[in-house]
Amino acid sequence: MKCNECDIEFTPTRLNVEGQKYCSIKCRNSSAQKRRYEKIAQEYQNSKENSISNNIGGNNRENREIEFTAKPNYYRESNDNNIENSNNDFNARVGLIETNFNTKSELILCRIQLDYANREIEELKKQIKDLEIELFAFENEEPEVNPQMEVVNNLIKGFSTDPVGVLNFAKEMFKSKIA
């Protein structure tokens with residue numbers, strides 16, 4: 001099938017194959033936006049044509065009679081008001097379209113900021129987990145035993161039970177290292 005919006009060949013994903021006209025949600029939304037714009041433009045064109053045809057066309061005999069009455073400016077002012085009203089209506093619609101566009105732009109910006117914040121939160125959570133693992137490993141780490149400190153600790157323990165023997169052993173040990 002061909003997409004009604006972008007004319008790209010696609011394989012329908014719906015069960016109702018005939019009901020799918022667009023290849024993606026983006027194309028469907030784009031087409032809907034164009035239809036809305038065309039509808040607003042068409043309504044404006046129709047209201048403009050109706051106001052002009054009501055003012056000019058219709059019953060020419062009445063218009064001629066009005067032109068020869070004592071107050072011709074009154075009717076011209078009302079015609080001008082109709083045109084001004086249709087312009088105001090058009091301006092109001094354009095203003096609504098602009099407001100809608102600005103709101104959608106702000107929404108997209110907020111979504112981008114939300115995605116960025118969510119990614120940042122995930123990265124921070126990962127860093128927290130890594131730090132917790134490192135802290136756990138640090139807390140459960142066995143203290144390193146220095147062999148020289150182990151000898152000194154054993155001498156201190158032995159000194160409490162046999163002080164003379166430990167002193168003699170220490171003298172012999174230091175004599176061999178000094179000489």
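1. The side chains of Ser 31 and Arg 35 form a polar contact at 2.8 Å (a pair of N or O atoms within 3.5 Å; within protein, one must be able to donate a hydrogen and the other to accept it, and residues adjacent in sequence count only if both atoms are side-chain atoms). Ser 31 belongs to helix α1 (a DSSP run of H or I, at least four residues, numbered from the N terminus). Ser 31 is buried, at 9% relative accessible area (buried is under 20%, exposed over 50%, partly exposed in between, with a 1.4 Å probe and protein chains only).

2. The model is predicted: local features need pLDDT of at least 70, side-chain atom pairs count only at pLDDT 80 or more, and totals for chains, interfaces and linings use all residues. Residues are numbered from 1 along each chain as its sequence is written, and side-chain values use heavy atoms, without hydrogens and water.

3. Arg 35 also contributes to a positive surface patch, together with Lys 21, Arg 36 and Lys 104 (patch residues have over 30% relative accessible area and no salt bridge, and like charges are joined within 9 Å; a salt bridge is a side-chain nitrogen of Lys or Arg within 4 Å of a carboxyl oxygen of Asp or Glu). Lys 21 lies in the segment before α1 (25-56) and is partly exposed, at 45%.

4. Gln 20 is likewise placed in the segment before α1, but is buried, at 7%. A polar atom of the Gln 20 side chain lies 3.3 Å from the backbone oxygen of Tyr 22.

5. Asp 7, also in the segment before α1, has a positive phi, near 60 degrees. Most residues other than glycine have a negative phi. Asp 7 is exposed, at 51% relative accessible area.

Key: Patch = residues over 30% accessible without salt bridge, like charges linked within 9 Å, V, L, I, M, F, W, Y side chains within 5 Å. Areas by Shrake-Rupley, 256 points an atom, 1.4 Å probe, with all protein chains shown as cover. Lys, Arg positive; Asp, Glu negative; His and termini not counted. Charge placed at Lys NZ, Arg CZ, Asp CG, Glu CD. Helix = DSSP H or I, 4+ residues; strand = E, 2+ residues; numbered from the N terminus.
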